[in-house]
Amino acid sequence: MTVELRALNENDAEAFFEGLKLFSDMEPEWYSFAYRPGMSFTELLRIQDDEFHGRNLKPERVPHSMLYAFVDGKIVGRSSIRHKLNDHLMKLGGNIGYAVATPWRNKGIATEILKLSLKYCRDVLKLDRVLVTCDEDNLGSVKTILKNGGVLENKILNEGKQTHTNRYWIKL
Ligand SMILES: CC(C)(COP(=O)(O)OP(=O)(O)OC[C@H]1O[C@@H](n2cnc3c(N)ncnc32)[C@H](O)[C@@H]1OP(=O)(O)O)[C@@H](O)C(=O)NCCC(=O)NCCS
């Protein structure tokens, strides 16, 4: 199976709205931070372009690339790549967040999405290391990070909970 990870373009409207249905069992942010019901695809592309260039950012947001994972022309996952770290991202959010649609899990897609995201961070964003975080009990994500060279720096207690967030660095 070949996974292609890339930004959306004007030819992807149909794939985007099909993907939206595929992710409907998850919180909307797992598919798109920018999309709101009723929004046109053109408007979504405009927001994503602004976010990439760091224009009109909301407070506490940094420049950001939203890349989608395509298999045979269908969107099956996504990667949210923060170009730099602010205090919150340094503590908990990290540079990269990814998700895979439920019917497509356990096929190695997240592992491939993170691998391709790392290549993007190195080749396009010119970063030399990235922070990737996940809840300690999110075993699929822990394994995805370890398989991509993650080195655990520490664990941070989640506010108001007994659980921790694991913080891993990956050298590029
Ligand atoms: C976490 C998530 C991205 C994993 O996606 P995926 O495509 O199923 O992951 P992969 O198929 O690449 O699996 C990677 C490894 O984790 C294992 N794995 C996957 N899901 C698992 C689970 N629920 N429990 C234990 N292990 C799991 C796989 O077996 C594989 O290990 P292996 O190579 O030793 O067999 C997916 O479950 C998801 O989108 N979850 C909701 C969003 C989320 O939590 N994102 C991560 C935020 S940090």
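**A covered strand and its surroundings**

Both faces of β4 are covered: Ile96, Tyr98 and Val100 are buried on one side, and Gly97 and Ala99 are buried on the other. The model is a predicted one. Because five of the five residues of β4 are buried, the strand is largely enclosed by the rest of the structure. The cut-off behind the word buried is 20 or more other C-beta atoms within 10 Å of the residue's own.

A pairing partner of β4 is strand β3, residues 74-82; the two run antiparallel and are joined by five bridges. In this pairing, serine 80 stands opposite glycine 97 of β4.

The ligand comes next. It is surrounded by 19 residues, the closest being Arg105, Ala110, Cys134, Gly140 and Lys143. At least two residues of this shell come from each of β4 (96-100), α4 (109-123) and α5 (139-147). The most is given by α5, with five residues. Sorted by class, the shell holds eight nonpolar, eight polar and three charged residues.

Histidine 164 lies in strand β7, which covers residues 164-171. How far is histidine 164 from valine 100 in sequence and in space? The two are 64 residues apart in sequence and 22 Å apart in space, C-alpha to C-alpha. Histidine 164 has 14 other C-beta atoms within 10 Å, so it is classed as partly exposed. Setting aside its neighbours within four places in sequence, histidine 164 is in contact with Glu136, Lys155, Ile156, Leu157 and Asn158.

Technical notes: Residues numbered from 1 in each chain as written. Predicted model: local features only at pLDDT ≥ 70, side-chain atom pairs only at ≥ 80, totals over all residues. Near = placed C-beta within 6 Å. Helix = DSSP H or I, 4+ residues; strand = E, 2+ residues; numbered from the N terminus. Nonpolar A, V, L, I, M, F, W, Y, C, P; charged D, E, K, R; others polar. Buried ≥ 20, exposed ≤ 12 C-beta atoms within 10 Å, placed from the backbone. Pairing = 2+ DSSP bridges. Contact = placed C-beta atoms within 7 Å.
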